[in-house]
Structure formats: structure tokens, C-alpha cells
Amino acid sequence: MPEQLREAEERRQRLRWLPAAVIVGALVIDLAIPKGVNVFPLLAAAPGVAAPLLSLRGTIATGVAANVAGLALVYVERDPTWDDLVPFTSLILLTVVAAVLNVLLARDRRQLRTSREVAAEVQRAVLPELPRRVGRLAVASRYEVAHEEAAIGGDLFAVHETPHGVRIILADVRGKGLRAIRTVNALLGAFREACDHQPELAGVVRQLEIRMQADTARATGAEAEAFATALVAELAPGRSELRLANRGHEPPLLLHDGTVRALEPAAPSLPLGLGSLGLGPLGGDDSPVDVFDLPLGATLVLFTDGIDEARDEEGVFFDPVPALSRPFPGDPETVLDTLLTAVLRHTGGRLQDDAALLAVTRVE
């Protein structure tokens with residue numbers, strides 16, 4: 001969040017010269033072209049341009065400078081007359097309007113900044129920073145908040161070492177705000193409890209499903225329709241066997257020796273909270289678990305749809321595979337940095353939705 005605010009402020013700083021350029025442009029046009037051309041509309045635009053870019057003092061100063069420039073042009077060409085009173089009065093009134101707009105915009109920016117900071121703090125409280133090492137895995141995580149959003153998102157992740165292996169969850173709860181946070185807390189609590197008490201990964205997923213259905217059964221309105229796509233994984237103790245349950249989520253990517261492989265489920269499953277629908281192989285209580293190999297030095301990358309549904313200006317979705325199709329050191333931080341740089345380059349520096357990313361590398 002602070003990084004995004006800095007980027008927005010840097011863009012405003014680069015445009016601070018624009019009001020002065022408008023005034024200089026009016027002077028150049030008036031002196032360079034034949035007489036009779038009225039440049040007062042251009043001068044009048046200067047304080048309006050300054051309002052969203054400069055401080056209140058800078059906006060007023062721009063209006064004063066535009067008035068002084070107008071007076072100078074009049075005195076260069078002729079003596080002032082009563083007819084000049086109307087354009088100069090209009091310019092003064094436009095400066096007052098620009099000053100009022102500046103005050104309103106500054107207040108809105110402060111409120112938005114406060115909302116974003118509160119959302120970020122709540123998000124950090126719900127999703128504390130993960131340790132860099134859990135069992136035989138090196139761990140890296142990121143939570144990227146969309147520029148357009150100030151609401152608290154519903155993405156979550158966790159990594160726990162248990163007697164049954166290192167267990168991982170990454171999920172995306174439908175919706176935003178306090179409703180999503182309640183569901184996130186419920187799922188994280190259920191996951192921690194299940195990690196300690198369920199010997200099989202299918203049991204962990206089943207307990208998450210039960211908790212999700214119990215919460216929606218007690219809810220009303222939109223909360224009663226809540227669900228969450230999720231990936232739940234487990235690295236077996238002392239082995240390279242990776243067990244993975246995919247509940248309607250984007251498949252994770254396995255990086256090894258410069259290649260990228262999407263770990264697609266053998267059979268589709270509904271998101272958490274929808275298992276009671278019982279739609280053939282998509283529903284029911286059973287949670288299919290696929291088994292893959294996680295070689296030494298390989299990295300597993302999990303992410304929410306804020307990544308693969310990120311679009312460029314032409315509406316083309318981002319494909320993470322090309323960005324990760326090269327050898328990486330055994331450092332999940334580097335993998336996530338590379339992926340985030342690529343997706344922000346694709347979108348022009350903006351994400352359309354919040355994104356959670358988790359990368360784990362088997363180090364021994």
C-alpha cells in the first residue's frame with residue numbers, strides 16, 4: 001500500500017509543471033500570432049489545471065500568475081479599457097472556484113489514503129507475515145492491494161508445520177469488506193485446528209467445508225451466499241510427495257529446471273461452501289487429492305485471480321507462465337518479485353483486483 005501511494009504521488013509531482021506550461025503557452029501564442037486572437041480562455045484554464053495537481057497556495061498562485069500575464073499582454077498591446085473588466089473578473093472567479101475544488105480534492109485524497117491505510121493494517125493483522133522457513137520449505141508471500149480499491153479483500157494464505165507434513169492454504173473469499181474478513185478469520189481458524197487434528201489432507205479440506213457451510217447457514221443476505229476458492233497442499237514428511245486439493249481455484253505452478261508446469265486437478269471440485277450442492281463429481285463431502293512430485297530445489301507458486309485475471313489496456317489477460325519460464329535460484333522471494341514485476345508491466349502499473357501470492361521452495 002505505501003508503495004502504491006508513493007507511485008501516485010510521483011505521478012502528481014511529474015505533472016506539477018503543467019499549470020505553468022499553460023500560462024507560458026498562452027503568452028507564446030499571443031506574441032507569436034497575429035493580433036486579435038483572445039488567449040484569455042487559455043489563461044483561465046490554468047487555475048483549473050492546477051487544482052488537482054498543486055496545493056491550495058499553488059492553485060491561488062497560478063490564478064494570480066494568470067491574471068498578471070493577462071495584464072501584461074493587455075499593456076503590451078494597448079491601454080486597458082472597461083471592456084477588459086469582464087475577462088479579468090471571470091479569471092478571478094475561476095481562480096476562486098479552482099481553490100474550492102482543490103480543498104475538496106485534498107479532503108477526498110486524505111479520506112482515501114486513510115481508508116487504504118486502515119484496510120492495509122487490518123489485512124496485516126489478519127494475515128501476519130509468514131516465516132521465511134517452515135520445515136523443509138523456504139517461504140515467500142505477498143499481498144498486493146488494487147489501486148482502485150480501498151476495501152479489505154478476502155484473499156488469505158497460511159503455512160503450518162505439522163506431524164503430518166507442512167500444510168499450506170491459499171484461498172480467495174467471495175466479496176470484500178467486513179463480511180469477507182469474517183469468512184477469512186473463520187477459514188484460517190478452521191485450517192489451524194484441522195492441521196493439528198486431521199491426519200489426512202482430505203480431512204483438512206472436509207473440516208474447512210464444514211466450517212464454511214456452518215457460517216453461511218447462520219448468515220443472512222449476501223453473507224449466506226459466501227464461498228471461497230481454495231488450494232490446500234501438503235508436503236509429506238521426509239519425502240518429495242506433494243498432495244494437493246483444488247477447490248475451484250486457479251491451478252498452482254511448479255517451477256523446476258527452467259520449466260513451468262500447471263498442476264491441474266484430475267477432477268474438478270466446487271469451491272468451499274458449495275460442496276452441499278452435490279453436483280456429481282463436483283460436489284459431495286469427498287475432496288479429491290492429487291499427488292505430485294516436488295523435487296529438491298523446485299518452487300510451487302500459488303496465487304489468486306488478481307494475477308491471472310489482470311488485464312492490459314486492450315483487455316488481454318496476463319499469462320504468468322512466460323514470466324516464470326526460466327531458471328531461478330532456490331529463492332521464492334526472487335520468483336514472486338519476478339512475477340509481480342511482469343504483471344505490473346502488463347497492466348501498466350495497476351492491478352484491477354487484490355492479489356495474494358505464495359511461493360514455497362523445497363530446500364532439503
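Predicted model: local features only at pLDDT ≥ 70, side-chain atom pairs only at ≥ 80, totals over all residues.
# A walk through the structure

Residues are numbered from 1 along each chain as its sequence is written, and side-chain values use heavy atoms, with hydrogens and water left out.

The side chain of R243 meets that of E241 in a salt bridge, at 2.8 Å from N to O. A salt bridge here is a side-chain nitrogen of Lys or Arg within 4 Å of a carboxyl oxygen of Asp or Glu. E241 is partly exposed, since its relative accessible area is 23%. Elsewhere, salt bridges with shared partners connect R132, R142, E333 and D337 into one network. In total, the structure holds eight salt bridges.

Helices (H or I, at least four residues) and strands (E, at least two) are DSSP runs, numbered from the N terminus.

Helix α10 itself covers residues 332-347, 16 residues in all, and reaches 23 Å from its first C-alpha to its last. That is close to the 22 Å expected at 1.5 Å a residue, where the expected span is 1.5 Å times one less than the number of residues. Its buried residues include P332, V335, L336, L339, L340 and V343. Which elements do the buried residues of α10 pack against? They pack against β2 (137-144), β7 (253-256), β10 (299-303), α8 (305-308), α9 (320-324) and β11 (355-362).

Now step back to the whole chain. The chain has 10 helices and 11 strands, and 46% of its 364 residues count as buried. Contact means heavy atoms within 4.5 Å. Among contacts between residues at least 6 apart in sequence, 72% join residues at least 24 apart.

Inside, the largest nonpolar core has 51 residues, and L156, L208 and L358 have the most contacts within it. Such a core is a set of buried Ala, Val, Leu, Ile, Met, Phe, Trp, Tyr and Cys residues joined through side-chain atoms within 4.5 Å. Helix α6 (residues 177-197) gives the most to this core, with eight residues. A second, separate core has 22 residues, among them L255, V260, V301 and L340. Beyond its neighbours up to four places away in sequence, L156 touches residues including L127, I169, V184 and L188.

P252 lies in the loop between β6 (241-247) and β7. Is P252 buried or exposed? P252 is buried, because its relative accessible area is 1%. Leaving aside neighbours within four places in sequence, its contacts include L231, R261, L300 and V301.

The chain exposes about 17,700 Å², of which carbon and sulfur atoms supply 59%; accessible areas come from the Shrake-Rupley method with a 1.4 Å probe. A nonpolar surface patch of about 560 Å² is made by I92, V96, V97, V100, L101, L104 and L105. Patches are made of residues with over 30% relative accessible area and no salt bridge; like charges are joined within 9 Å, nonpolar side chains (Val, Leu, Ile, Met, Phe, Trp, Tyr) within 5 Å. I92 belongs to helix α5 (residues 85-126) and counts as partly exposed at 46% relative accessibility. An α-helix has 3.6 residues a turn, so residues three or four places apart point the same way.

Note on methods: Buried < 20%, exposed > 50% of the residue type's maximum accessible area, 1.4 Å probe, protein only.
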